[in-house]
Amino acid sequence: MQDSVGPTNAEMSDPGISRQVVLPLRKSVEIAYNSIRVRFFRSLITTMSLVLAVSFLSFVNVSTDVANGLLATGDPELRQALVRAGYDLKPEDRRADSSPKQRWIVLLSLLVCAVGIVNAQLMAVTERFREIGTMKCLGALDRFVLRLFLLEAGMQGLVGAAAGAVGGAFFALMNGVFFFGRQAVVLVPVGDLLMSLSTATAAGCLLSLIGVSYPAWVAARMQPVEAMRVEQ
Amino acid sequence: MTTTKNIVRVTNVTKTFQLGKIAVHALKGVDLEIPTGQYVSIMGPSGSGKSTLFNMIGGLDKPTSGKVYIDEVDVSQLDAYELAWLRCRKIGYIFQTFNIIQVMTALENVTLPMTFAGMHNDEAIEKGMDLLDLVGLGDRFQHKPFELSGGQQQRVAIARALANDPAIILADEPTGNLDLNTGEEIISLLQNLSHERNVTVISATHDIKMLNVSDLVVWIRDGRIDKTESRDELTISIGRIDARSA
């Protein structure tokens, strides 16, 4: 009878078995995905600042790509149009690179976004204290919790950043069409455009992961006894 | 059937909390032995050290001095992995607030500890369905927690606590958030499981209904064990209460 109740002391002291507390990656991905799906609007708010910051980054980069595409034609009229649109071009310039001021603004927006993500994720961790505590009572290790939060942030980051990158690029191209006509889209170098999109997406993912690392660490270190708390 | 072995042994345990500059002695030297397969209730007023002792037995807190042995393993000697293992395999937790994971269905809640224990998915689902049948929720396995009543959520929690065939079930005020009838159902369910599966049930409670089914009642007062009563002694004292109130 005793044997069916639970593993014996011998098993407990056997390192092979005592280490056997696992959460397969596939299962973690499933849990993280469901967690985002069920709390969709909560996740949306967490991701929104990222989407906006990444779309700004993407907008700036793709606008530069558009300008480069136009410059590459060597057409003086287009060059004039660019100068009228506010591009600071010297006579010898062959490329319209983003100005230091623009780069600063983009950097600042990304910084603000990172702080926003930390804030939103800390809130999410606080909301889920009981859930995390319960998981720990069921035998979850610190790293399971850490992994779940990182996976969630990674997925949110990927989707949010991709959406932001595409959105920003779309507006940059529309902007180009508005100022320079359809040739703005036609002349865009595709390689540069794809590069800008992937840079923006990667930056967004990285930002999301950096933003969640501290909240996830807080969550992972939580004591299981928190699950016992009665107050909400 | 029942071996005479003690599943939990607490020897001379003290616990001191530091609140600012004041040291609060929550437990002042507790000795307790809980035999395997019994239904044990820890009773005591708030602030008596009941919760502290309870958390200690559950491996959720470590004593300031003294030893807590769960199945003859000294809990304070365990590292993080071994503690997680202990929580996963040896102990099933039931909470006052049910603590069903909100984003998972009833079945997913029950199979989660089995996943942690490394059980294969199909096997876990099969066992999870059996456990939900056992607590009378076999047809509601796909429901989310908010679609279940309090009593049903607590049943899911009981099924989840049994997932890895633990030796101990720790129930912290399991009837605290339930009405009278539902509370009684939960108590009798716990009692049946304790007898059928030879699981030791340890519950911290205010609920007098719990006394009727307990094999052993531990009264805590002011950080010490006031008295421990077995069921035979208890019937007499309850009879006296009834006689007095009649």
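**Group meeting: a helix pair and a chain interface**

Okay, let's start with two helices in chain A: H5 (residues 40–72) and H11 (residues 190–220) have axes that come within 9 Å and cross at roughly 155 degrees. Helices here are DSSP runs of H or I, at least four residues, numbered from the N terminus; axes are lines fitted to C-alpha atoms over the stretch in contact, with angles from 0 to 180 degrees between N-to-C directions. So H5(A) is roughly antiparallel to H11(A), a label for angles over 145 degrees.

Who makes the contact (heavy atoms within 4.5 Å)? From H5(A), the residues include Leu50(A), Val54(A) and Leu57(A), and from H11(A) they include Ala200(A), Ala203(A) and Gly204(A). By type, the contact residues are nine nonpolar, five polar and two charged; Ala, Val, Leu, Ile, Met, Phe, Trp, Tyr, Cys and Pro count as nonpolar, Asp, Glu, Lys and Arg as charged, and the others, Gly among them, as polar.

Quick caveats: this is a predicted model, where local features need pLDDT of at least 70 and side-chain atom pairs pLDDT 80 or more, while totals for chains, interfaces and linings use all residues. Residues are numbered from 1 along each chain, chains are lettered from A in the order written, and side-chain values use heavy atoms, without hydrogens or water.

Now the interface: 47 residues of chain B meet 42 of chain A. The two chains bury about 3,900 Å² between them, 64% of it on carbon and sulfur atoms; that's accessible area (1.4 Å probe) lost on being put together, summed over both. On the chain B side, Tyr81(B), Trp85(B) and Phe116(B) lose the most area to chain A, together 20% of what that side buries.

How values were computed: Parallel < 35°, antiparallel > 145°, perpendicular 65-115°, else oblique. Contact = heavy atoms within 4.5 Å.
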